[in-house]
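Trainee: I have a new model open and would like to learn how to read its features one at a time. Could you guide me?

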Amino acid sequence: MTTPALPTSRDASLTAWALAARGGDPEAVDRFVRALQRDVHRYVAYLGADPQTADDLAQDTFLRALGSLHRFEGRSSARAWLLAIARRAVIDSFRSAAAQPRPADFDDWQLAVERAQPRGLPGFDDGIALDDLLAGLPVERREAFVLTQLLGLPYAEAAAVSDCPVGTVRSRVARARTSLIASLSEAERCGPVDTAA
């Protein structure tokens with residue numbers, strides 16, 4: 001039996017804001033949403049959503065959360081509760097998309113997205129490289145890695161969000177790390193691609 005991790009001061013603050021928001025405090029709602037906006041957006045984006053869909057899914061997550069805030073009792077951290085809602089929003093989105101006919105893609109959507117991204121920011125190229133490496137991981141491993149390593153959730157909370165045992169999350173993270181290290185080694189061995197040729 002694992003001992004639950006003690007909440008961090010950030011998690012305690014987030015949970016306090018969620019409970020205050022549940023009681024009708026508009027400032028607490030604003031603080032809660034602002035504090036978790038980035039985490040939710042990163043999480044849904046890493047679960048496989050394209051940039052526009054990620055924005056919509058993040059918004060949908062907050063709409064769902066605020067609509068069901070009256071049921072939040074603070075038994076888990078508000079962040080874990082919200083990320084579980086985000087996960088369900090992504091799953092529902094995939095199910096909905098699978099049930100509808102696919103619209104025609106235009107020729108080079110990746111180039112259009114890359115052109116729309118801001119350039120020259122510190123870490124931009126590293127972020128693209130990490131996104132590419134993470135995209136190569138199986139969904140379960142990518143989710144566990146993003147939750148624990150990028151968003152900083154304790155393993156127990158990541159397990160609650162993913163609806164699986166803690167040991168499974170640990171295993172998925174370890175396998176994701178192994179795969180990422182192997183991919184990085186392979187990329188370094190092959191060297192940069194010369195696009196001018």
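Mentor: Gladly, and let us begin with the idea of a nonpolar core: a set of buried Ala, Val, Leu, Ile, Met, Phe, Trp, Tyr and Cys residues joined through side-chain atoms within 4.5 Å. Buried means under 20% relative accessible area, exposed over 50%, and partly exposed in between (1.4 Å probe, protein chains only). Here the largest nonpolar core has 46 residues, and Phe32, Tyr43, Trp81, Leu82, Leu83 and Leu147 have the most contacts inside it. Helix 4 (78-99) is among the elements that give it two or more residues, and helix 4 supplies the largest share, 9 residues.

Trainee: Before going on, what kind of model is this, and how are its residues numbered?

Mentor: It is a predicted model: local features need pLDDT of at least 70, side-chain atom pairs count only at pLDDT 80 or more, and totals for chains, interfaces and linings use all residues. Residues are numbered from 1 along each chain as its sequence is written, and side-chain values use heavy atoms, with hydrogens and water left out.

Trainee: What is the mean pLDDT of the chain?

Mentor: pLDDT is the predictor's confidence in each residue, from 0 to 100. The chain has a mean of 79, and 75% of its residues reach 70 or more. Where pLDDT is low, the predicted coordinates should not be read in detail.

Trainee: How many helices and strands are there in the chain?

Mentor: Both are DSSP runs numbered from the N terminus: helices are H or I with at least four residues, strands are E with at least two. This chain holds 9 helices and 0 strands.

Trainee: Let me zoom in on Ala18. Is Ala18 buried or exposed?

Mentor: Ala18 is buried, because its relative accessible area is 0%. Ala18 sits in helix 1. A contact means heavy atoms within 4.5 Å. Leaving aside neighbours within four places in sequence, Ala18 is in contact with Phe32, Leu69, Phe72 and Ala78.

Trainee: Which residue does the side chain of Arg34 meet in a salt bridge?

Mentor: Asp30 is the partner of Arg34, at 3.0 Å from N to O. Arg34 is exposed at 60% relative accessibility, and Asp30 is partly exposed at 37%. Salt bridges that share partners also join Arg10, Asp11, Asp39 and Arg79 into one network. The structure holds 9 salt bridges.

Definitions and conventions: Salt bridge = Lys/Arg side-chain N within 4 Å of Asp/Glu carboxyl O.
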